[in-house]
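Subject: Structure handover, with notes on the aromatic rings

Dear colleague,

I am passing on the structure below, together with some notes on its aromatic residues. Please have it open while you read.

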Amino acid sequence: MEIFEKYVSNFDMNDEMVERKYKHTLRVANLTKFIAKNLKLDEKEISIAYLCGLYHDIGRFMQIKKYHSFDDLRTIDHGDLGYKIFLNQIADKEDLSSREESIIAKSIMYHNKVKVPSKLTDNQKKFIWITRDADKIDILYQKTSLKNGVPLDDCEVSDKVREQFLNYESVDYKYVQNNTDKNILLLAFIFDLKYDESLKIIKDNKFVEKMREILADAKYDEYFKILDSYIKERFKC
Ligand SMILES: [Fe+2]
């Protein structure tokens with residue numbers, strides 16, 4: 001934690017973007033720990049999961065400093081940037097084995113990719129999935145509870161975005177053309193949640209219901225219906 005704090009102290013906490021990512025990071029770190037505990041991982045694994053959450057967005061701070069943007073497509077992939085920063089500036093300061101270093105670095109690299117590569121080991125994938133789940137849960141928390149900018153517009157859902165959603169897939173940001181697509185991308189986060197423990201957090205906090213209240217437009221009805229039946233099917237209830 002002190003190593004993370006020391007790194008972040010190089011950035012301007014008065015900048016709203018920096019502050020937002022800092023707070024997001026702390027919540028995600030707690031969520032990774034919570035999910036790891038619920039998955040009954042051992043103490044060492046729980047502490048590694050916590051570090052995956054703590055460092056998952058480490059690339060964001062430099063991205064903000066350099067570009068003042070979160071737009072990976074127009075600036076830099078913050079997962080790739082974070083991977084390099086972690087390995088070059090942080091890993092040797094944390095007390096980690098090379099295997100643990102690699103698990104955390106890969107979780108940073110793949111937390112923001114559309115898919116997790118199948119070539120990785122099951123153990124690496126486990127930590128990447130925990131990180132991705134925690135990140136997505138907190139983004140939905142921000143959108144529903146902090147109401148951090150859910151943009152609305154009069155557009156229809158783009159064909160490719162619709163196709164991915166109907167296939168229960170994550171929506172690829174490169175197909176997003178308008179604010180309606182952005183909202184469908186958010187809803188599709190639910191399909192990417194790997195663990196039932198994560199989906200339970202979504203259910204317990206009523207994030208889908210809250211999104212439905214925010215997106216009170218008939219064009220979203222079909223998508224919420226699909227989500228409802230998907231969640232019911234996963235919990236068989
Ligand atoms: Fe991220």
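This is a predicted model, in which local features need pLDDT of at least 70 and side-chain atom pairs count only at pLDDT 80 or more, while totals for chains, interfaces and linings use all residues. Residues are numbered from 1 along each chain as its sequence is written, and side-chain values use heavy atoms, with hydrogens and water left out.

Phenylalanine 61 has 0% relative accessibility and therefore counts as buried (under 20% relative accessible area, with exposed over 50% and partly exposed in between, for a 1.4 Å probe and protein chains only). Phenylalanine 4, also at 0% relative accessibility, counts as buried.

Another aromatic pair joins phenylalanine 165 and tyrosine 223, with 5.0 Å centre to centre and 75° between the planes, which is edge-to-face (rings of Phe, Tyr and Trp, the last by its six-membered ring, pair if their centres lie within 6.5 Å; planes under 30 degrees apart are stacked, over 60 edge-to-face and the rest tilted). Because phenylalanine 165 lies in helix H8 (residues 159-166) and tyrosine 223 in helix H13 (residues 221-235), this pair ties together parts 58 residues apart in sequence; helices are DSSP runs of H or I with at least four residues, numbered from the N terminus. Both phenylalanine 165 and tyrosine 223 are buried.

The structure holds twelve aromatic pairs. In phenylalanine 4 and phenylalanine 61 the ring centres are 6.5 Å apart and the planes at 70°, so this pair is edge-to-face.

Kind regards

Definitions and conventions: Helix = DSSP H or I, 4+ residues; strand = E, 2+ residues; numbered from the N terminus.
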